[in-house]
Amino acid sequence: MRNILNYYGLTFWLLTIALLSWPTDGDAQTQKIRISLSSRSNTNTTYYVAQARGIFKDEGLEVEFIQVNPRLGAMAVLNGDVTFTTSFVSTFRGVVQGLPMKTVFVLLKKGIYHLMVRPDIIKDVQELKGKKLGVTAVNGGDHIIGRELLRMKGVDPNLVQAIAVGEPSLRAQAVLTNLVQAVSVSPPHDLMLQQQGLKAVSGPPEIGVPSSGLFASDRLIKENPQILRRTIRAALKANKFIDANREETIRIMAKLVPQSLETAARSYDVELKQLARDGQMTDAEIEFQMDRLAEKRRPLDEVRDFSFARAALKELESTR
């Protein structure tokens, strides 16, 4: 097992697409942590706000964001290369299959996605039968939701071939050059593609899948719970700021994710409505996703630990 994890650790560093970091002036008490993100997108607004507003720093954390393929995020956590990974679907599936990790925080319970096509090539969603759908990774979050978007319009998703292309910018290029005929993307990328002439042939599903959260190793939870408490407390503070400060949040979004203020505002009004303000999912919601995303079940206590989120909420409420 150790050799396998070491292999994935090496692969993680070789395949990391980009390194995004914002330096902070920490003191001797500051703890450095790394958080892996699957892409630069508005789904991670909570973390961007916590960084930009100095909330992480207030909690004694110096945070480095690393962009990495979602399939490698879990192995990076287990190897100790990063402290947390945020990609939900692939990590959650791995946890249910037995990885020694837990879901400790949830940002978005239902991802907002649109199915985008070139209207000069695809006139109607039915024409996607036998065509290709560009996704981050096969069976990843955008693929699963993309299948729902097809099904909503009466198209059997098994008739559309999923092609792993990568992050949103690569998916955009793939559909623009007709390498694939459709892509499943979240804000702000849907609007950005609209501005390049693409159109949405299917909108957000009634039931989506969580698109962002925090996953920590069992070892970290046991040996360094203080980092967990600080990080989750910072995320909850950032969520509160987002709720109360629309304009400033939009400015932060536009600064840290390439997009216009208008695009960021639309994303704020549509996507951030799905924020899990308490950072938690109910046991019924966890069980539903377990049945949906994995081929087997695992005891809930081995899959999730929201005790830190509950404790942080209690602390924050007592200081009001």
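Which side chain makes a polar contact of 2.9 Å with the side chain of D190? It is the side chain of R266.

The model is predicted: local features need pLDDT of at least 70 and side-chain atom pairs pLDDT 80 or more, while totals for chains, interfaces and linings use all residues. Residues are numbered from 1 along each chain as its sequence is written, and side-chain values use heavy atoms, without hydrogens and water.

**View 1. D190 and its contacts.** D190 sits in helix 8, residues 189–194. Helices are DSSP runs of H or I with at least four residues, strands are runs of E with at least two, and both are numbered from the N terminus. D190 is buried, at 0% relative accessible area. Buried means under 20%, exposed over 50%, partly exposed in between (1.4 Å probe, protein chains only). A second polar contact, of 3.3 Å, links its side chain to that of H114. Such a contact is a pair of N or O atoms within 3.5 Å; within protein, one must be able to donate a hydrogen and the other to accept it, and residues adjacent in sequence count only if both atoms are side-chain atoms.

**View 2. H114 and its strand.** H114 has V185 of strand 9 as bridge partner. Strand 6 (114–117) and strand 9 (182–185) pair antiparallel over three bridges. Pairing requires at least two DSSP bridges between two strands.

**View 3. Strand 11 under cover.** Six of the six residues of strand 11 (212–217) are buried. S212, L214 and A216 point one way; G213, F215 and S217 point the other. Strand 5 (101–108) runs antiparallel to strand 11, joined by six bridges. One of these pairs K102 with A216.

Key:
Contact means heavy atoms within 4.5 Å. Lists of a residue's contacts leave out its neighbours within four places in sequence.
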